[in-house]
Amino acid sequence: MPGFEFWGDEERKEVNDVLETGILMRYGFDGPRKGIWKAKELEQEICKKFGSEYAHLTSSGTSALTTAMAALGIGHGDEVIMPTFTFVASFEAVLSVGATPVLVDVDETLTLDPKAVELAITPKTKCIMPVHMCGSMADMDALKNICDQHDLVLLEDACQSIGASYKGRMLGTIGHAGTFSFDFVKTMTCGEGGVVMTNNKDVYTKCDGYTDHGHDHLGGADRGADLHPFIGYNYRISELHAAVGLAQIRKVDHFLSIQKRNHQLLKQIISQVPEVTFRAVPDPAGDSCTFLSWFLPTEEITVAFVEEMKAQGILAGNFYWYKNNWHYISKWDHLKNADFLNSQSHDITEKLRSYASQSFPASDQVMSRCISTAISLMWTDEQIQEKGEKMVAAISKALAGQSVLA
Ligand SMILES: *Cc1c(COP(=O)(O)O)cnc(C)c1O
(Lines give C-alpha, C1' and ligand atoms only; values in the text may rest on other atoms or scores of the structure.)
Protein backbone atom coordinates (compact mmCIF):
# COMPACT_ATOMS: atom_id res chain seq x y z
CA MET A 1 0.00 0.00 0.00
CA PRO A 2 2.94 2.24 -0.58
CA GLY A 3 2.45 5.67 -2.16
CA PHE A 4 5.83 6.59 -0.67
CA GLU A 5 7.48 4.40 -3.29
CA PHE A 6 6.59 7.04 -5.87
CA TRP A 7 7.90 10.16 -4.14
CA GLY A 8 9.06 12.64 -6.73
CA ASP A 9 9.10 16.10 -8.24
CA GLU A 10 5.31 16.37 -8.11
CA GLU A 11 5.35 16.18 -4.30
CA ARG A 12 8.31 18.56 -4.08
CA LYS A 13 6.52 21.10 -6.29
CA GLU A 14 3.35 21.09 -4.17
CA VAL A 15 5.33 21.37 -0.92
CA ASN A 16 7.43 24.17 -2.41
CA ASP A 17 4.30 26.19 -3.19
CA VAL A 18 3.65 26.23 0.55
CA LEU A 19 7.28 26.87 1.48
CA GLU A 20 7.30 29.91 -0.83
CA THR A 21 4.56 31.65 1.11
CA GLY A 22 5.46 30.19 4.50
CA ILE A 23 1.78 29.85 5.40
CA LEU A 24 1.77 26.38 6.89
CA MET A 25 -1.72 26.58 8.39
CA ARG A 26 -4.85 25.67 6.51
CA TYR A 27 -7.00 28.47 7.92
CA GLY A 28 -6.64 32.24 7.74
CA PHE A 29 -3.76 34.44 6.58
CA ASP A 30 -5.78 35.13 3.45
CA GLY A 31 -3.46 37.85 2.10
CA PRO A 32 -0.01 36.35 2.62
CA ARG A 33 -1.04 32.89 1.41
CA LYS A 34 -1.43 34.28 -2.10
CA GLY A 35 -4.30 32.02 -3.07
CA ILE A 36 -2.62 28.81 -1.92
CA TRP A 37 -5.07 26.53 -0.10
CA LYS A 38 -3.66 23.00 -0.31
CA ALA A 39 -5.96 21.42 2.28
CA LYS A 40 -9.09 22.86 0.66
CA GLU A 41 -7.90 21.80 -2.76
CA LEU A 42 -7.16 18.25 -1.59
CA GLU A 43 -10.62 18.01 0.00
CA GLN A 44 -12.18 18.96 -3.33
CA GLU A 45 -10.10 16.40 -5.19
CA ILE A 46 -11.01 13.70 -2.68
CA CYS A 47 -14.71 14.43 -3.19
CA LYS A 48 -14.28 14.23 -6.95
CA LYS A 49 -12.11 11.13 -7.08
CA PHE A 50 -13.94 9.05 -4.51
CA GLY A 51 -17.46 10.28 -5.11
CA SER A 52 -18.13 11.74 -1.70
CA GLU A 53 -20.37 14.74 -1.19
CA TYR A 54 -18.10 16.13 1.55
CA ALA A 55 -14.57 15.49 2.80
CA HIS A 56 -12.73 16.92 5.77
CA LEU A 57 -9.00 16.39 6.26
CA THR A 58 -7.53 15.57 9.65
CA SER A 59 -4.10 15.10 11.20
CA SER A 60 -4.25 11.28 10.96
CA GLY A 61 -6.50 8.34 10.17
CA THR A 62 -6.93 7.80 13.89
CA SER A 63 -8.14 11.36 14.44
CA ALA A 64 -10.38 10.98 11.39
CA LEU A 65 -12.11 8.04 13.09
CA THR A 66 -12.37 9.93 16.38
CA THR A 67 -13.78 12.95 14.57
CA ALA A 68 -16.29 10.87 12.61
CA MET A 69 -17.51 9.19 15.78
CA ALA A 70 -17.94 12.48 17.61
CA ALA A 71 -19.76 13.99 14.62
CA LEU A 72 -22.03 10.93 14.42
CA GLY A 73 -22.91 11.34 18.09
CA ILE A 74 -21.12 8.23 19.34
CA GLY A 75 -19.95 8.56 22.94
CA HIS A 76 -20.20 7.42 26.53
CA GLY A 77 -22.44 4.38 27.01
CA ASP A 78 -22.51 3.51 23.32
CA GLU A 79 -21.19 0.23 21.99
CA VAL A 80 -19.32 0.12 18.69
CA ILE A 81 -19.12 -3.28 17.00
CA MET A 82 -15.73 -3.80 15.37
CA PRO A 83 -13.59 -6.71 14.19
CA THR A 84 -10.97 -8.75 16.07
CA PHE A 85 -8.60 -8.19 13.16
CA THR A 86 -7.72 -4.56 12.54
CA PHE A 87 -5.06 -1.99 13.26
CA VAL A 88 -5.07 -0.82 16.91
CA ALA A 89 -6.19 2.65 15.79
CA SER A 90 -9.74 1.36 15.32
CA PHE A 91 -10.28 0.64 19.01
CA GLU A 92 -8.19 3.63 20.07
CA ALA A 93 -10.69 5.86 18.29
CA VAL A 94 -13.68 4.15 19.93
CA LEU A 95 -12.09 4.59 23.36
CA SER A 96 -11.15 8.19 22.61
CA VAL A 97 -14.80 9.21 22.40
CA GLY A 98 -15.68 7.29 25.56
CA ALA A 99 -17.52 4.52 23.75
CA THR A 100 -17.08 0.78 24.28
CA PRO A 101 -15.47 -1.42 21.63
CA VAL A 102 -17.33 -4.69 21.10
CA LEU A 103 -15.03 -7.09 19.28
CA VAL A 104 -16.56 -9.69 17.02
CA ASP A 105 -15.29 -12.40 14.70
CA VAL A 106 -13.98 -11.97 11.19
CA ASP A 107 -14.62 -14.48 8.42
CA GLU A 108 -12.66 -15.34 5.28
CA THR A 109 -13.23 -11.81 3.98
CA LEU A 110 -10.79 -10.84 6.81
CA THR A 111 -13.47 -8.35 7.84
CA LEU A 112 -16.59 -8.43 10.03
CA ASP A 113 -18.66 -11.60 9.82
CA PRO A 114 -22.24 -10.27 9.46
CA LYS A 115 -23.67 -13.21 11.44
CA ALA A 116 -21.32 -12.49 14.34
CA VAL A 117 -22.31 -8.82 14.15
CA GLU A 118 -26.00 -9.61 14.52
CA LEU A 119 -25.34 -11.78 17.54
CA ALA A 120 -23.40 -8.96 19.21
CA ILE A 121 -26.15 -6.34 19.00
CA THR A 122 -27.47 -5.12 22.36
CA PRO A 123 -29.70 -2.18 23.34
CA LYS A 124 -26.47 -0.16 23.76
CA THR A 125 -25.18 -0.79 20.24
CA LYS A 126 -24.90 2.49 18.39
CA CYS A 127 -22.54 1.82 15.53
CA ILE A 128 -21.12 -0.91 13.34
CA MET A 129 -17.61 -0.21 12.18
CA PRO A 130 -16.35 -2.52 9.44
CA VAL A 131 -12.63 -2.24 8.80
CA HIS A 132 -11.79 -2.86 5.17
CA MET A 133 -8.48 -4.54 5.88
CA CYS A 134 -5.60 -5.04 3.48
CA GLY A 135 -7.10 -3.34 0.46
CA SER A 136 -10.35 -5.26 0.20
CA MET A 137 -13.85 -5.03 1.56
CA ALA A 138 -16.44 -6.21 4.04
CA ASP A 139 -19.81 -7.53 2.87
CA MET A 140 -21.39 -4.09 2.79
CA ASP A 141 -24.89 -5.13 1.69
CA ALA A 142 -25.21 -7.48 4.65
CA LEU A 143 -23.84 -4.92 7.13
CA LYS A 144 -25.96 -2.10 5.72
CA ASN A 145 -29.07 -4.25 6.06
CA ILE A 146 -28.27 -4.94 9.70
CA CYS A 147 -27.74 -1.22 10.34
CA ASP A 148 -31.02 -0.33 8.63
CA GLN A 149 -32.94 -2.98 10.56
CA HIS A 150 -31.57 -1.91 13.93
CA ASP A 151 -31.25 1.81 13.22
CA LEU A 152 -27.48 1.81 13.71
CA VAL A 153 -24.73 4.06 12.41
CA LEU A 154 -22.48 2.53 9.74
CA LEU A 155 -18.93 3.92 9.93
CA GLU A 156 -16.35 2.54 7.52
CA ASP A 157 -12.72 2.36 8.52
CA ALA A 158 -11.37 2.37 4.97
CA CYS A 159 -7.92 3.57 6.08
CA GLN A 160 -6.23 0.62 4.33
CA SER A 161 -8.45 0.52 1.27
CA ILE A 162 -8.06 3.78 -0.58
CA GLY A 163 -9.39 3.33 -4.11
CA ALA A 164 -11.18 0.03 -3.44
CA SER A 165 -14.87 -0.14 -4.27
CA TYR A 166 -17.95 -2.24 -3.63
CA LYS A 167 -20.56 -2.60 -6.36
CA GLY A 168 -19.40 0.59 -8.00
CA ARG A 169 -19.14 2.77 -4.88
CA MET A 170 -15.83 3.66 -3.31
CA LEU A 171 -15.16 2.21 0.13
CA GLY A 172 -15.47 4.94 2.71
CA THR A 173 -18.43 6.57 0.94
CA ILE A 174 -21.06 3.88 1.52
CA GLY A 175 -21.75 4.25 5.25
CA HIS A 176 -22.90 7.34 7.18
CA ALA A 177 -19.24 8.28 7.16
CA GLY A 178 -15.93 6.70 6.22
CA THR A 179 -12.27 7.42 6.79
CA PHE A 180 -8.95 7.11 5.00
CA SER A 181 -5.51 7.33 6.53
CA PHE A 182 -2.72 9.08 4.66
CA ASP A 183 0.05 7.94 6.99
CA PHE A 184 3.39 7.06 5.48
CA VAL A 185 2.61 3.47 4.46
CA LYS A 186 -0.88 3.90 3.05
CA THR A 187 -1.88 3.73 -0.64
CA MET A 188 -1.47 7.49 -0.90
CA THR A 189 0.38 9.41 1.77
CA CYS A 190 0.56 12.92 3.21
CA GLY A 191 3.38 11.88 5.57
CA GLU A 192 0.68 12.02 8.25
CA GLY A 193 -2.96 12.76 7.64
CA GLY A 194 -6.46 11.41 7.25
CA VAL A 195 -9.90 12.30 5.99
CA VAL A 196 -13.53 11.87 6.97
CA MET A 197 -15.88 11.45 4.02
CA THR A 198 -19.65 11.75 4.30
CA ASN A 199 -22.67 12.59 2.20
CA ASN A 200 -24.34 14.29 5.16
CA LYS A 201 -23.81 18.04 5.41
CA ASP A 202 -24.47 18.18 9.14
CA VAL A 203 -21.89 15.45 9.84
CA TYR A 204 -19.40 17.30 7.65
CA THR A 205 -19.98 20.63 9.39
CA LYS A 206 -19.45 18.97 12.76
CA CYS A 207 -16.18 17.39 11.55
CA ASP A 208 -15.03 20.79 10.28
CA GLY A 209 -15.57 22.36 13.68
CA TYR A 210 -14.49 19.42 15.83
CA THR A 211 -11.03 19.23 14.27
CA ASP A 212 -10.44 22.95 14.90
CA HIS A 213 -11.40 23.66 18.53
CA GLY A 214 -15.08 23.92 17.69
CA HIS A 215 -14.64 26.91 15.35
CA ASP A 216 -17.69 27.43 13.15
CA HIS A 217 -15.47 29.08 10.49
CA LEU A 218 -18.11 31.72 9.87
CA GLY A 219 -16.14 34.69 11.18
CA GLY A 220 -14.55 35.47 7.84
CA ALA A 221 -10.86 36.26 7.71
CA ASP A 222 -10.80 36.89 11.49
CA ARG A 223 -10.52 33.59 13.40
CA GLY A 224 -11.27 35.51 16.58
CA ALA A 225 -14.73 36.26 15.22
CA ASP A 226 -15.63 32.57 14.80
CA LEU A 227 -18.19 31.18 17.24
CA HIS A 228 -17.92 27.82 19.03
CA PRO A 229 -21.23 25.96 18.90
CA PHE A 230 -19.61 22.92 20.53
CA ILE A 231 -16.36 21.75 22.11
CA GLY A 232 -13.72 20.50 19.71
CA TYR A 233 -10.05 19.56 19.62
CA ASN A 234 -7.14 20.21 17.31
CA TYR A 235 -6.95 17.48 14.69
CA ARG A 236 -6.01 19.84 11.85
CA ILE A 237 -3.83 18.84 8.95
CA SER A 238 -1.06 21.25 7.97
CA GLU A 239 -0.69 22.76 4.52
CA LEU A 240 2.64 20.93 4.09
CA HIS A 241 1.02 17.56 4.61
CA ALA A 242 -1.95 18.41 2.42
CA ALA A 243 0.45 19.51 -0.32
CA VAL A 244 2.06 16.05 -0.37
CA GLY A 245 -1.38 14.47 -0.57
CA LEU A 246 -2.34 16.66 -3.50
CA ALA A 247 0.55 15.31 -5.54
CA GLN A 248 -0.23 11.77 -4.44
CA ILE A 249 -3.94 11.81 -5.23
CA ARG A 250 -3.09 12.63 -8.84
CA LYS A 251 -1.00 9.45 -8.97
CA VAL A 252 -3.41 7.18 -7.17
CA ASP A 253 -4.99 5.67 -10.31
CA HIS A 254 -1.49 4.82 -11.48
CA PHE A 255 -0.69 3.17 -8.12
CA LEU A 256 -3.88 1.14 -8.30
CA SER A 257 -3.29 -0.08 -11.83
CA ILE A 258 0.22 -1.27 -10.96
CA GLN A 259 -1.03 -2.93 -7.78
CA LYS A 260 -3.75 -4.79 -9.63
CA ARG A 261 -1.36 -6.04 -12.25
CA ASN A 262 1.32 -7.17 -9.79
CA HIS A 263 -1.31 -8.77 -7.57
CA GLN A 264 -2.67 -10.74 -10.51
CA LEU A 265 0.77 -11.96 -11.57
CA LEU A 266 1.71 -13.12 -8.08
CA LYS A 267 -1.68 -14.73 -7.55
CA GLN A 268 -1.31 -16.74 -10.74
CA ILE A 269 2.00 -18.15 -9.54
CA ILE A 270 0.99 -19.19 -6.06
CA SER A 271 -2.41 -20.49 -7.14
CA GLN A 272 -0.49 -23.30 -8.81
CA VAL A 273 -0.38 -24.87 -5.35
CA PRO A 274 -3.77 -26.56 -4.98
CA GLU A 275 -3.69 -26.35 -1.15
CA VAL A 276 -3.52 -22.53 -1.29
CA THR A 277 -6.86 -20.74 -1.09
CA PHE A 278 -7.53 -17.02 -1.25
CA ARG A 279 -9.34 -14.43 0.79
CA ALA A 280 -13.05 -14.09 0.02
CA VAL A 281 -13.66 -10.78 -1.73
CA PRO A 282 -17.33 -9.70 -1.84
CA ASP A 283 -16.74 -7.67 -5.03
CA PRO A 284 -13.54 -8.89 -6.72
CA ALA A 285 -13.57 -6.04 -9.26
CA GLY A 286 -13.32 -3.58 -6.37
CA ASP A 287 -10.22 -5.03 -4.70
CA SER A 288 -7.53 -2.34 -4.50
CA CYS A 289 -4.93 -5.14 -4.45
CA THR A 290 -2.58 -3.59 -1.91
CA PHE A 291 -2.11 -7.10 -0.51
CA LEU A 292 -2.57 -10.63 -1.76
CA SER A 293 -4.12 -12.44 1.21
CA TRP A 294 -4.21 -16.21 1.13
CA PHE A 295 -4.63 -19.27 3.32
CA LEU A 296 -2.85 -22.54 3.97
CA PRO A 297 -4.79 -25.58 5.22
CA THR A 298 -3.69 -25.51 8.89
CA GLU A 299 -1.98 -23.30 11.46
CA GLU A 300 0.96 -25.75 11.67
CA ILE A 301 1.63 -25.57 7.94
CA THR A 302 1.31 -21.77 8.00
CA VAL A 303 3.82 -21.49 10.85
CA ALA A 304 6.14 -23.86 8.98
CA PHE A 305 5.88 -21.63 5.86
CA VAL A 306 6.71 -18.54 7.92
CA GLU A 307 9.69 -20.25 9.55
CA GLU A 308 10.95 -21.46 6.19
CA MET A 309 10.70 -17.97 4.69
CA LYS A 310 12.44 -16.52 7.76
CA ALA A 311 15.22 -19.08 7.54
CA GLN A 312 15.81 -18.12 3.93
CA GLY A 313 15.72 -14.41 4.82
CA ILE A 314 12.83 -13.72 2.42
CA LEU A 315 9.90 -13.26 4.80
CA ALA A 316 9.82 -9.44 4.44
CA GLY A 317 6.54 -8.29 2.94
CA ASN A 318 4.70 -11.44 4.03
CA PHE A 319 2.57 -10.67 7.07
CA TYR A 320 1.43 -13.36 9.47
CA TRP A 321 -1.01 -11.14 11.36
CA TYR A 322 -1.93 -13.90 13.79
CA LYS A 323 1.42 -13.61 15.57
CA ASN A 324 1.97 -9.93 15.02
CA ASN A 325 1.66 -7.53 17.96
CA TRP A 326 -0.41 -4.91 16.17
CA HIS A 327 -3.29 -6.32 14.25
CA TYR A 328 -4.99 -9.21 15.99
CA ILE A 329 -6.74 -9.51 19.33
CA SER A 330 -4.57 -12.40 20.56
CA LYS A 331 -1.69 -9.95 21.03
CA TRP A 332 -3.61 -6.91 22.27
CA ASP A 333 -2.55 -7.42 25.88
CA HIS A 334 -2.58 -3.70 26.64
CA LEU A 335 -6.24 -3.61 25.59
CA LYS A 336 -7.20 -6.74 27.50
CA ASN A 337 -5.40 -5.42 30.61
CA ALA A 338 -7.09 -2.01 30.18
CA ASP A 339 -3.63 -0.44 30.48
CA PHE A 340 -4.63 3.21 30.35
CA LEU A 341 -2.42 6.04 31.56
CA ASN A 342 -5.37 7.74 33.24
CA SER A 343 -8.57 6.63 34.91
CA GLN A 344 -11.43 5.41 32.76
CA SER A 345 -15.02 4.45 33.29
CA HIS A 346 -15.57 1.25 35.22
CA ASP A 347 -17.83 -0.17 32.50
CA ILE A 348 -15.21 0.19 29.82
CA THR A 349 -12.33 -1.27 31.82
CA GLU A 350 -14.54 -4.22 32.85
CA LYS A 351 -15.53 -4.84 29.24
CA LEU A 352 -11.91 -4.72 28.07
CA ARG A 353 -10.77 -7.07 30.84
CA SER A 354 -13.47 -9.52 29.82
CA TYR A 355 -11.63 -10.01 26.52
CA ALA A 356 -8.74 -11.63 28.42
CA SER A 357 -10.93 -14.68 29.00
CA GLN A 358 -13.02 -14.55 25.83
CA SER A 359 -11.86 -16.68 22.95
CA PHE A 360 -12.55 -16.15 19.26
CA PRO A 361 -12.18 -19.60 17.72
CA ALA A 362 -13.81 -18.59 14.43
CA SER A 363 -11.37 -15.69 13.98
CA ASP A 364 -8.44 -17.86 15.08
CA GLN A 365 -9.43 -20.47 12.51
CA VAL A 366 -9.16 -17.82 9.77
CA MET A 367 -6.23 -15.74 10.98
CA SER A 368 -3.96 -18.61 12.04
CA ARG A 369 -3.89 -19.78 8.40
CA CYS A 370 -3.66 -16.38 6.71
CA ILE A 371 -0.69 -14.70 5.10
CA SER A 372 -0.93 -11.27 3.47
CA THR A 373 1.73 -10.50 0.92
CA ALA A 374 2.24 -6.76 0.41
CA ILE A 375 2.21 -5.75 -3.24
CA SER A 376 5.01 -3.38 -4.18
CA LEU A 377 4.70 -0.77 -6.92
CA MET A 378 8.39 -1.21 -7.74
CA TRP A 379 8.52 -4.90 -8.65
CA THR A 380 9.58 -5.90 -12.13
CA ASP A 381 7.88 -8.90 -13.73
CA GLU A 382 11.09 -10.88 -13.21
CA GLN A 383 11.08 -10.04 -9.51
CA ILE A 384 7.46 -11.13 -9.19
CA GLN A 385 8.27 -14.40 -10.91
CA GLU A 386 11.26 -15.00 -8.63
CA LYS A 387 9.36 -14.02 -5.52
CA GLY A 388 6.41 -16.22 -6.47
CA GLU A 389 8.61 -19.21 -7.19
CA LYS A 390 10.40 -18.87 -3.85
CA MET A 391 7.05 -18.65 -2.08
CA VAL A 392 5.79 -21.72 -3.92
CA ALA A 393 8.92 -23.63 -2.92
CA ALA A 394 8.52 -22.63 0.74
CA ILE A 395 4.82 -23.50 0.65
CA SER A 396 5.57 -26.90 -0.85
CA LYS A 397 8.21 -27.57 1.77
CA ALA A 398 5.83 -26.58 4.56
CA LEU A 399 3.12 -28.79 3.10
CA ALA A 400 5.52 -31.72 2.91
CA GLY A 401 6.40 -31.21 6.57
CA GLN A 402 10.03 -30.63 5.66
CA SER A 403 10.39 -27.17 7.09
CA VAL A 404 13.47 -26.21 9.08
CA LEU A 405 11.39 -26.75 12.23
CA ALA A 406 10.41 -30.30 11.39
C1 LIG B 1 -3.49 3.15 9.34
C2 LIG B 1 -4.80 2.77 9.92
C3 LIG B 1 -5.52 3.61 10.78
C4 LIG B 1 -4.97 4.87 11.38
O5 LIG B 1 -4.33 5.71 10.60
P6 LIG B 1 -3.16 6.68 11.11
O7 LIG B 1 -3.15 7.69 10.03
O8 LIG B 1 -1.90 5.86 11.16
O9 LIG B 1 -3.55 7.24 12.41
C10 LIG B 1 -6.78 3.22 11.18
N11 LIG B 1 -7.30 2.06 10.80
C12 LIG B 1 -6.64 1.20 10.01
C13 LIG B 1 -7.28 -0.07 9.62
C14 LIG B 1 -5.36 1.52 9.57
O15 LIG B 1 -4.68 0.66 8.82
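Asp183 sits in the loop that runs between β8 (177-181) and β9 (194-198). The structure is a predicted model, and its protein chain is divided into domain 1 (3-252) and domain 2 (254-405).

**Asp183 and its surroundings**

- With a relative accessible area of 19%, Asp183 counts as buried, because the cut-off for that class is under 20%.
- A polar atom in the side chain of Asp183 lies 3.0 Å from the backbone nitrogen of Val185, and the side chains of Asp183 and Lys186 are joined by a polar contact of 3.1 Å.
- When neighbours within four places in sequence are left aside, the residues in contact with Asp183 are Met188, Thr189, Gly191, Glu192 and Gly193.

**The ligand site**

- The ligand is surrounded by 15 residues, and the closest of these are Gly61, Thr62, Ser181, Asp183 and Lys186.
- A polar side-chain atom of Asp183 is found 2.6 Å from an oxygen atom of the ligand, while a backbone N or O atom of Gly61 lies 2.7 Å from an oxygen atom of the ligand.
- Lys186 also takes part through its side chain, where an N or O atom is 3.1 Å from an oxygen atom of the ligand.
- The ligand taken alone exposes 380 Å², and the protein buries 95% of that area.

**Helix α3**

- Helix α3 (residues 61-71) is largely enclosed by the rest of the structure, because nine of its eleven residues are buried.
- The buried residues of α3 are Gly61, Ser63, Ala64, Leu65, Thr66, Thr67, Ala68, Met69 and Ala71, and Gly61 is also among the residues closest to the ligand.
- The elements that cover these buried residues include β1 (54-58), α4 (89-96), β5 (153-157), β8, β9 and α7 (201-210).
- At the start of α3, a side-chain oxygen of Ser60 comes to within 3.3 Å of the backbone nitrogen of Thr62, and just after the helix Gly73 has a positive phi of about 80°.

**Helix α4 and Leu95**

- Helix α4 is mostly covered, with six of its eight residues buried, and these are Ala89, Ser90, Phe91, Ala93, Val94 and Leu95.
- The cover over the buried residues of α4 includes α3, β2 (79-83), β3 (100-104), β5, α11 (333-336) and α12 (346-354).
- Leu95, which lies in α4, is buried with a relative accessible area of 13%.
- Not counting residues up to four places away in sequence, Leu95 touches Pro101, Leu335, Phe340, Ile348 and Leu352.
- Leu95 and Ile231 are 136 residues apart along the chain, and their C-alpha atoms are separated by 18 Å.
- Just after α4, Gly98 takes a positive phi of about 85°.

**Domains and nonpolar cores**

- The centres of domain 1 and domain 2, taken over C-alpha atoms, are separated by 25 Å, and 46 residues of domain 1 are in contact with 43 residues of domain 2.
- The largest nonpolar core holds 115 residues, of which Ile46, Trp294 and Phe305 touch the most other members.
- Since both domain 1 (3-252) and domain 2 (254-405) give residues to this core, it lies between them.
- Phe305 touches Trp294, Leu296, Ile371, Met391, Ala394, Ile395 and Ala398, if residues up to four places away in sequence are not counted.

- Most residues other than glycine have a negative phi.
- Lys34 is not a glycine, yet it has a positive phi of about 50°; it lies in the loop between α1 (9-21) and α2 (38-50) and counts as exposed at 65% relative accessibility.
- Cys134, also not a glycine, has a positive phi of about 55°; its place is in the loop between β4 (125-128) and α6 (140-150), and at 0% relative accessibility Cys134 counts as buried.

Notes
Residues numbered from 1 in each chain as written. Predicted model: local features only at pLDDT ≥ 70, side-chain atom pairs only at ≥ 80, totals over all residues. Heavy atoms only, no water. Helix = DSSP H or I, 4+ residues; strand = E, 2+ residues; numbered from the N terminus. Buried < 20%, exposed > 50% of the residue type's maximum accessible area, 1.4 Å probe, protein only. Polar contact = N/O pair within 3.5 Å; in protein donor to acceptor, adjacent residues only side chain to side chain. Contact = heavy atoms within 4.5 Å. Core = buried A, V, L, I, M, F, W, Y, C linked by side-chain atoms within 4.5 Å. Domains from an automatic or database assignment. Near = heavy atom within 4 Å. Areas by Shrake-Rupley, 256 points an atom, 1.4 Å probe, with all protein chains shown as cover.
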